[in-house]
Amino acid sequence: MDITKKIKIEMLRKLILIRRFEEKVKELYNQGSIIGAIHLYIGQEAVATGVCQALQADDYVFSTHRGHGHAIAKTLDVKTIMAELMGKDGGMSRGHGGSMHLFEPDKGLMGGNGIVGGGVPLSLGGAFSAQYRGTAQVSVTFFSDGAANQGTFGESLNLAALFELPVLFVCENNQYAATTPVKRSTAELNVAGRAESYGLPASRVDGNDVLAVYEAASGAVARMRAKSGPAFLECRTYRIEPHCGIIPDEREPGERESWHERDPILILRRKLEAEGSVEPKDVEAIEAQVAAQLEEAAAFGESSPWPDPEAAHNRSWVV
Amino acid sequence: MAKMQEKRTIWYKTAINEAMLEEMERDERVFVIGEDVDIFGGVFKITKGLVEKFGNRRVRGTPISEAAFIGLAAGAAMTGLRPIVEIMYVDFALVAMDQLINQAASSCYMSGGKVRLPLVFRGQYGVGTREAAQHSRNFESWLVNTPGIKVVMPSTAYDAKGLLKSAIRDDNPVLYLENRVLYTQKEEVPRGEWLVPLGVAALRREGADITVVATGYAVHKALAAAASLAGRIDVEVVDPRTLDPLDMETILKSVEKTSALLVVQEGVVKAGFAAEVIRRVAEEGFDLLDYPPVALGAWDVPVPFSPVLEDAAIPQSEDIVRTIQEVLGKKR
């Protein structure tokens, strides 16, 4: 597959934006201006970036508890995402959802999810809508190796295949379910193989190589738009950070470090430099632009008002 | 209007079927999904004829995968459709409680109102049919305790149709509970279309001595109790029809008149809907009461199978009669 230089640089920018966003979140979390349960996406940026690059604005994404990367890759709205993490009225979900519940339906972001495996059935609904209306839209569900052990996983694979729904199942096999390594939670490590047993075309890619993810996702999405039914993509990656901002975890000595050579930003940057698509100064320029963008996002969040507890929409669920 | 005047007799279950058929004709976004709802017309035949009229695109039979198809419906609602989900027995929704509560009922608020979930969960429930604990659950109290979903419990064919049509047009998730004992109850209703708004109670019988608030099939038990006490005790029966949002105005107006309150439900009484009605009356109209209010509901057990046990565990008309007399014997 020929990926244009423009798209490659766009993806490099998104990888860097997601990484620096998460680093900023960590910093603000430690300072106390970001609160609650924070699940960082560091190390997995290539999955959200590569998959969302293959989508159109009106395609649906159903995200997870570790969803900042999906939200950024789909919407690029770092200001409202940052404000949401602070619980502010200017936040993406007006401070009602927080880190795990980022919604921007106008850009196809149909929410994160606090329940592992909880968003998988919902994504079938996005695909069902598209099929019902006869549009070429597709629906993407991100989930992890942990979610693959939930009942909703098997139910949804069967139903999607049965109804021939245009849904792309993206398993981010990040090696950990909360603090439990995949080897201690999963008897059969080939998650894509499970999808094949339900009749879905499934492939496995290096989830840290954004070009590989983009290529696989583009192919699957193109086939789904041609009404080929659901598809499955297992992306092998690694969660660098602990499960959650407040629960430190332990790793085998040297394990985390061994993934530093597989850093998604590094992999793409090396490729682009080798083929002459970017020079170090281009990357520095991107870094500077991203840093300014994130300063602006943090300032936007800090200055946004708190939600008003007396406002009717904050006290009642009726629409 | 002339057509509306013309009466005919239909079953409660036919009323539900008519509501779906009319709403599907009116709004292309409405579709039905659930186990056996297509070719078979549903295990209780509530969706009979719909697949023939609207095809499989809009009437979708599913595998026995409640979490997947309830979640699918929630996702479809979030993305512009108006699903009606049939849950064969409400008990079966318990394998999909995450999809029902964490997802469907919560997503509108969690999104700051950015996503809307106009969807109806229709499920049948009921006791007295000797189907044991896992096919006899009364589910309403749980869902009244859940923010983000309305709870509707029709007790007549007229309301079954009018409330379902309103539920389908509502932009919130609605749990619409059908009583299986009432399915084949016949009733005279108008021809044509009518709506019953959500959140408005019905005064089923006027009386001066005591207010009995009852839900679902308990409405009919309360009316039987009232009839048997007629001439001695003048019983007023209020049917909330919608449990959440609750029409407190009608309930308080009735209690103001009678100064006595009994709330009856067929579900477990502990921490249930009846207790909630009493809380609201205590907080909003304590001085209206001259008698201590009482909640009557099922024993604190999974519904037993043996007819002798089941009938004892669930409040019957005779229990309502006896409790009314007890309440009125305790004037403050």
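Trainee: Which residue is the bridge partner of A:Phe143 in E5(A)?

Mentor: In this predicted model, A:Phe143 pairs with A:Cys171 of E5(A). Now step back to the strands. Strand E4 (residues 139–144) of chain A and E5(A) are joined by six bridges. The two strands run parallel.

Trainee: Is strand E5 (residues 167–173) of chain A enclosed or open, and why?

Mentor: Count the buried residues. Seven of the seven are buried, so the strand is largely enclosed by the rest of the structure. Then look at each side. A:Val167, A:Phe169, A:Cys171 and A:Asn173 point one way. A:Leu168, A:Val170 and A:Glu172 point the other way. Both groups are buried.

Trainee: What is A:Leu168 in contact with, beyond its neighbours within four places in sequence?

Mentor: A:Leu168 is in contact with A:Val138, A:Val140, A:Ala217, A:Ala220, A:Val221, A:Met224, A:Ala231 and A:Leu233.

Trainee: How many residues does the largest nonpolar core have?

Mentor: Start with the general idea. In soluble globular proteins, nonpolar side chains tend to be buried together. Here the largest nonpolar core has 198 residues. A:Leu168, A:Leu233 and B:Ala222 have the most contacts inside it. Helix H4 (residues 66–78) of chain B gives the largest share of this core, ten residues. Domain 1 (8–190) and domain 2 (202–328) of chain B both contribute residues, so the core lies between them.

Trainee: How far apart do the C-alpha centres of domain 1 and domain 2 of chain B lie?

Mentor: The C-alpha centres lie 26 Å apart. The two domains also touch. In chain B, 23 residues of domain 1 are in contact with 22 residues of domain 2. On the domain 1 side, four elements of chain B each supply at least two residues: helix H7 (140–144), strand E6 (150–152), helix H8 (157–169) and strand E7 (174–179). That side divides into twelve nonpolar, seven polar and four charged residues.

Trainee: Take E7(B). Is this strand enclosed or open, and why?

Mentor: Use the count again. Six of the six residues of E7(B) are buried, so the strand is largely enclosed by the rest of the structure. Both faces are covered. B:Val174, B:Tyr176 and B:Glu178 are on one side, with B:Leu175, B:Leu177 and B:Asn179 on the other.

Trainee: Which strands do bridges join to E7(B)?

Mentor: Strand E5 (residues 120–125) of chain B is joined to E7(B) by six bridges, and the pair runs parallel. Within that pairing, B:Tyr125 has B:Asn179 as its bridge partner. E6(B) is joined to E7(B) by three bridges, also running parallel. There, B:Val151 stands opposite B:Leu175.

Trainee: Now the two chains. How many residues does each give to the contact?

Mentor: Chain B gives 36 residues and chain A gives 32. On the side of chain B, H4, helix H5 (97–105) and helix H6 (107–110) each give two or more residues. H4(B) supplies the largest share of that side, ten residues. By class, the chain B side has 16 nonpolar, 15 polar and five charged residues.

Trainee: What scores does the model have?

Mentor: The model scores ipTM 0.97 and pTM 0.96. A caution applies in general. Where pLDDT is low, the predicted coordinates should not be read in detail. For chain B, mean pLDDT is 96, and 98% of residues reach 70 or more.

Trainee: Let us turn to backbone angles. Which peptide bond is cis?

Mentor: Look at omega. The bond from B:Asp244 to B:Pro245 is cis, with omega near 5°. B:Pro245 lies in the loop between strand E12 (242–244) and helix H10 (248–258) of chain B.

Trainee: What about phi at A:Leu76 and A:Ala178?

Mentor: A:Leu76 has phi near 60°, a positive value in a residue other than glycine. A:Leu76 is in the loop between helix H3 (68–75) and helix H4 (78–85) of chain A. A:Ala178 is not a glycine either, and its phi is positive, about 55°. A:Ala178 lies in the loop between strand E6 (176–177) and strand E7 (180–181) of chain A.

Trainee: Why does A:Ala178 count as partly exposed?

Mentor: Count C-beta neighbours inside 10 Å. A:Ala178 has 14, so it counts as partly exposed. A:Leu76 has 15 and also counts as partly exposed.

Notes. Residues numbered from 1 in each chain as written. Chains lettered and ligands numbered in written order. Predicted model: local features only at pLDDT ≥ 70, side-chain atom pairs only at ≥ 80, totals over all residues. Core = buried A, V, L, I, M, F, W, Y, C linked by C-beta atoms within 7 Å. Buried ≥ 20, exposed ≤ 12 C-beta atoms within 10 Å, placed from the backbone. Domains from an automatic or database assignment. Contact = placed C-beta atoms within 7 Å. Nonpolar A, V, L, I, M, F, W, Y, C, P; charged D, E, K, R; others polar. pLDDT = per-residue confidence, 0-100. Pairing = 2+ DSSP bridges.
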